[in-house]
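Dear colleague,

Here is the structure I promised to hand over. Please look through it once before you read the notes below.

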Amino acid sequence: MTFRKVRVFYNRRSGPGASRFHRVEEAFSKEWRDAAEDLAWYFPASREESARQVRAALADGADCVVVCGGDGTVSSIGRELVGTGVPMGVVPLGSGNGLARHFGQDLDPAASVAQLARGAVRDLDVGYADDAPFFVSASVAWDAELVRAYDKMPLRGVGSYVLAGAVSLLDYAPQPLAVTVDGAETFTIEAPFLFTIGNVSGWGGGALIDPDSDPSDGKMELVAGRRRDAPRMLADIASVFTTGTSSLPGAIRRSFHDLLVERPEGRPIQLDGELVAAGRSNAEIAGELYLSVGTVKAHVHHIFGKLLVRNRSQ
């Protein structure tokens, strides 16, 4: 497959720095010689700059975007591509790399660049939490709070995630969640410990939500757990890296199209490894969170075209 204008977005804060960038740059020069007629680089320093640069690249006629970074970088750039029909490739440079791991990409950046040059375009569902898109996962319980602790860690990696989880668990104050699945089933979790929505097979770092997940079937997976079951779940945490969450003691699992979650207090939501403030004030939504999923296909593109926007956040 050959593209006319390929635009590569590289997060300099991912990975060990300049040495890795030179390897990635050399790999693109070698592997994409026949796949890209015109290839240019962008180095955004913030989420806002990423959005501006992607929009400029699209306006300039980019027909393929490649993101070099972790899931957070992928999310900030990918949200600008929803509904455009422009494919996105990923070179995994982050600590989790949930999206790249799901699609079996090599975690060696240079090898991943070569894989992309020989790859094929596939559909990917996009989830929305309070109108904010996500591609890997969304969380609203302890699994969201640990991101706050992880952001303060001096080192990145799975070990830091484990330490952040332990630290955040000490201060975590659960609040009840009233859940409605696809407008039919309702239940309440009075003191949730775990509440994650998965689009792909895992969170990242090899931790699996559902190894059989299909991120283009129009559905997402909910896995939740009560705080009283936290000791049993944590004792069996090793199984998450082999069989996923299906064997976790006390796990609540649902496959859904739409999920309504009501909570007394609006708190930050974890989206693709980043904390995002609730989209509306507590007074406006009384702590209500709405998650939905839609496959990025032609009908979605037509809707955005009629509204003259590129994504739901515009």
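**What was found**

Of the 314 residues in the protein, 51% are buried, where buried means under 20% relative accessible area, exposed over 50%, and partly exposed in between, with a 1.4 Å probe and protein chains only. This is a predicted model, in which local features need pLDDT of at least 70 and side-chain atom pairs count only at pLDDT 80 or more, while totals for chains, interfaces and linings use all residues. Residues are numbered from 1 along each chain as its sequence is written, and side-chain values use heavy atoms, leaving out hydrogens and water.

The protein has ten helices and 18 strands, which are DSSP runs numbered from the N terminus (helices are H or I with at least four residues, strands E with at least two). Six of the strands form an open antiparallel sheet in the order S14-S13-S10-S7-S16-S17, and its edge strands, S14 and S17 (274-276), each pair on one side only; two strands pair if DSSP finds at least two bridges between them. Strand S13 (residues 220-226) is joined to S14 by five bridges in the antiparallel sense, and Met220 has Phe256 in S14 as its bridge partner.

Where does Ile237 lie? Ile237 is found in the loop between helix H8 (230-235) and strand S14 (252-256), and this residue counts as partly exposed because its relative accessibility is 41%.

Finally, 70% of the contacts with a separation of 6 or more in the protein are between residues 24 or more positions apart, a contact being heavy atoms within 4.5 Å.

Best wishes
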